[in-house]
Amino acid sequence: MTEKISYYLDNVFPDFEPELKQRLTKLCMLREIPAGEIIIRKGQFIKHTLLIGSGRVKLYRQGDDGEEAFIYELEAGSACALSMICNTKQEASEIMAKTVEDTVAIMIPIRLMDELMQQYKTWYYFVIANYRARFEELLSVFDNVVFKGMDERLEFYLKNQFERNKNNILSITHQEIANDLNSSREVISRLLKKMEQEKKIRLLRNSIEWLGRI
């Protein structure tokens with residue numbers, strides 16, 4: 001297990017100083033999580049911060065009636081800033097997190113957070129960079145919801161997904177897109193068909209092909 005943790009730290013988090021890597025390797029756990037599993041639930045007291053070694057995780061804000069609004073996505077090399085905040089303040093989670101792909105996560109115990117921030121500069125800068133990145137993503141979500149129509153939001157969303165996927169083919173259903181954009185499948189299907197007519201995408205079975213440059 002320690003060998004696997006060392007592998008991900010060396011290859012996915014190369015900027016961490018050697019002493020920090022040694023500390024994390026000694027005290028952290030590695031968790032292999034299958035796609036589609038909920039790893040953080042609303043109201044849960046989080047005991048670990050997640051470093052994503054591989055795979056993808058989507059975070060959602062849940063309403064009182066159970067509806068879900070997509071917030072942002074985590075991929076290899078990133079960490080869940082919101083879980084860091086909950087850990088620091090020892091508060092229950094206000095979000096739900098679910099794996100999109102098979103994911104490997106390094107689990108950092110809550111008790112280490114203050115120590116890591118104080119003793120290791122690379123960890124301090126990593127946390128600040130993650131806060132900034134997540135804040136910028138939240139601003140993008142806000143701007144899209146407030147200032148753009150659903151057609152613009154859909155195109156912006158798809159471009160981001162294709163860029164993250166680094167492939168012209170994206171395996172995703174119309175319902176999954178609707179869930180992420182807090183819309184209905186019928187609306188999303190209609191707008192996707194319009195994009196296909198405009199030669200921006202090609203609709204395939206449970207996937208979408210991007211016809212422009214990524």
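Guide: Happy to. In this predicted model, the sheet you ask about is open and has three strands in the order S8-S10-S9, with antiparallel pairing. Strand S8 (169-171) and strand S9 (201-204) are its edge strands, each pairing on one side only. On average, neighbouring strands here are turned by 20° against each other, direction ignored.

Take the pairing of S8 with strand S10 (residues 207-210): three bridges join them in the antiparallel sense. Within that pair, Leu170 has Ile208 in S10 as its bridge partner. Helices pack here too. Helix H8 (residues 185-197) packs on the sheet and touches S9 and S10, its direction making about 125° with that of S9. Helix H6 (residues 150-165) lies across S8 and S10 and runs at about 85° to S10.

Now for the wider setting. The domain assignment divides the protein chain into domain 1 (1-119) and domain 2 (147-210). Eight residues from domain 1 and eight residues from domain 2 take part in the contact. Taken over C-alpha atoms, the centres of domain 1 and domain 2 are 28 Å apart.

There is another sheet to set beside yours. Four strands form it, open and antiparallel, in the order S2-S6-S4-S5. Its edge strands, each pairing on one side only, are strand S2 (38-40) and strand S5 (68-75).

S4 pairs with S5 in the antiparallel sense over seven bridges. Along that pairing, Val57 stands opposite Leu74 in S5, and Tyr60 has Phe70 in S5 as its bridge partner. S4 also runs antiparallel to strand S6 (residues 95-99), with five bridges joining them; there Lys58 stands opposite Lys98. Six of the seven residues of S4 are buried, so S4 is largely enclosed by the rest of the structure.

Next, the largest nonpolar core. This core has 22 residues, of which Phe16, Leu24, Leu51 and Trp123 touch the most other members. Two or more residues come from each of helix H1 (2-12), helix H2 (18-27), strand S7 (103-109), helix H4 (113-119) and helix H5 (121-147).

Leu24 leads us to H2, where Leu20, Lys21, Leu24 and Thr25 are buried. These four cover an arc of only 130° around the axis, which puts them on the same side of H2. An α-helix has 3.6 residues a turn, so residues three or four places apart point the same way. Turn to the other side of H2 and you find Pro18, Gln22 and Lys26 exposed.

Note on methods. Residues are numbered from 1 along each chain as its sequence is written. This is a predicted model: local features need pLDDT of at least 70, side-chain atom pairs count only at pLDDT 80 or more; totals for chains, interfaces and linings use all residues. Side-chain values use heavy atoms; hydrogens and water are left out. A nonpolar core is a set of buried Ala, Val, Leu, Ile, Met, Phe, Trp, Tyr and Cys residues joined through side-chain atoms within 4.5 Å. Buried means under 20% relative accessible area, exposed over 50%, partly exposed in between (1.4 Å probe, protein chains only). Two strands pair if DSSP finds at least two bridges between them. The arc is that of the directions from the helix axis to the C-beta atoms. Domain bounds come from an automatic or database domain assignment. Contact means heavy atoms within 4.5 Å. Axes are lines fitted to C-alpha atoms, for helices over the stretch in contact, and angles run from 0 to 180 degrees between N-to-C directions.
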